[in-house]
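Here is a short briefing for a first look at this protein.

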Amino acid sequence: PISVELSSMRPSLLPGLLTAAQRNRHRGAAHVAVFELGQAYRGDQPEDQLLVAAGVRAGAAQLTGHGRHWQAAAGVFDVKADAFAVLAALGFDPAKAQVTREAPSWFHPGRAGALRLGPKIVLAQFGELHPATLKALDVDAPAAAFELFLDALPPEKRKGRERAPLAAADLLPVRRDFAFIVGADVPAGDVVKAAAGA
């Protein structure tokens with residue numbers, strides 16, 4: 001180990017990333033986005049070792065920058081987009097994964113979720129971190145994070161990783177915001193499926 005504090009096998013990469021984000025905050029960088037790719041351990045057996053990609057956004061470090069904005073802090077949708085971007089970079093279509101509400105207790109209930117392939121395979125967990133978790137780690141709120149379990153990804157079917165040619169449009173993108181009113185008992189995943197199928 002590189003220090004006494006890092007001598008144990010870690011079950012998650014998030015505590016180390018949160019500590020690094022807090023260290024940066026103490027040095028004046030209030031809006032921090034950090035990531036790590038490394039080993040984590042569910043137990044002390046060789047089969048308990050797993051490869052994880054994780055990221056933390058602290059403060060107002062968002063996908064579109066930071067600073068004065070109507071949504072001041074990085075949140076669940078920012079880290080969900082990070083997890084989707086990592087999956088897409090690895091050649092996996094994130095639309096094939098199911099977004100569910102289940103998340104570990106260190107995430108904020110109602111502001112976290114998981115990406116699953118079926119009922120048993122968890123690809124990723126993401127969300128805003130619970131204030132009690134941040135307090136236990138002595139980290140200033142707010143913070144959001146994701147963990148992607150690379151060993152859970154299905155094997156790649158294609159040979160090679162060549163990229164398709166850039167299909168650049170000569171027209172500017174049009175962005176529209178649609179609002180729909182649905183019942184509170186309707187899961188967001190069902191709304192996304194209906195919109196994708198339209």
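This is a predicted model. The mean pLDDT of the protein is 84, and 89% of its residues reach 70 or more. Among the elements, β6 has the highest mean pLDDT, at 93. Helix α4 (residues 188–197) has the lowest, at 86.

**Nonpolar cores**

- The largest nonpolar core holds 21 residues. Leu14, Leu18, Val52, Val56 and Leu129 touch the most other members.
- At least two residues of this core come from each of α1 (14–26), β1 (32–41), β2 (49–58), β4 (107–117) and β6 (143–149).
- β2 gives the most, with five residues.
- In soluble globular proteins, nonpolar side chains tend to be buried together.

**Helix α1**

- The buried residues of α1 are Leu14, Leu17, Leu18, Ala20, Ala21, Gln22 and Arg25.
- These buried residues pack against β1, β2, β4, β5 (121–129), α3 (131–136) and β6.
- How far apart are the end C-alpha atoms of α1? They are 18 Å apart, which agrees with the 18 Å that its 13 residues should span at 1.5 Å a residue.
- Gly28 follows α1. The phi of Gly28 is positive, near 100 degrees.

Definitions and conventions: Residues are numbered from 1 along each chain as its sequence is written. This is a predicted model: local features need pLDDT of at least 70, side-chain atom pairs count only at pLDDT 80 or more; totals for chains, interfaces and linings use all residues. Side-chain values use heavy atoms; hydrogens and water are left out. A nonpolar core is a set of buried Ala, Val, Leu, Ile, Met, Phe, Trp, Tyr and Cys residues joined through side-chain atoms within 4.5 Å. Buried means under 20% relative accessible area, exposed over 50%, partly exposed in between (1.4 Å probe, protein chains only). Helices (H or I, at least four residues) and strands (E, at least two) are DSSP runs, numbered from the N terminus. pLDDT is the predictor's confidence in each residue, from 0 to 100. The expected span of a helix is 1.5 Å times one less than its number of residues. Contact means heavy atoms within 4.5 Å.
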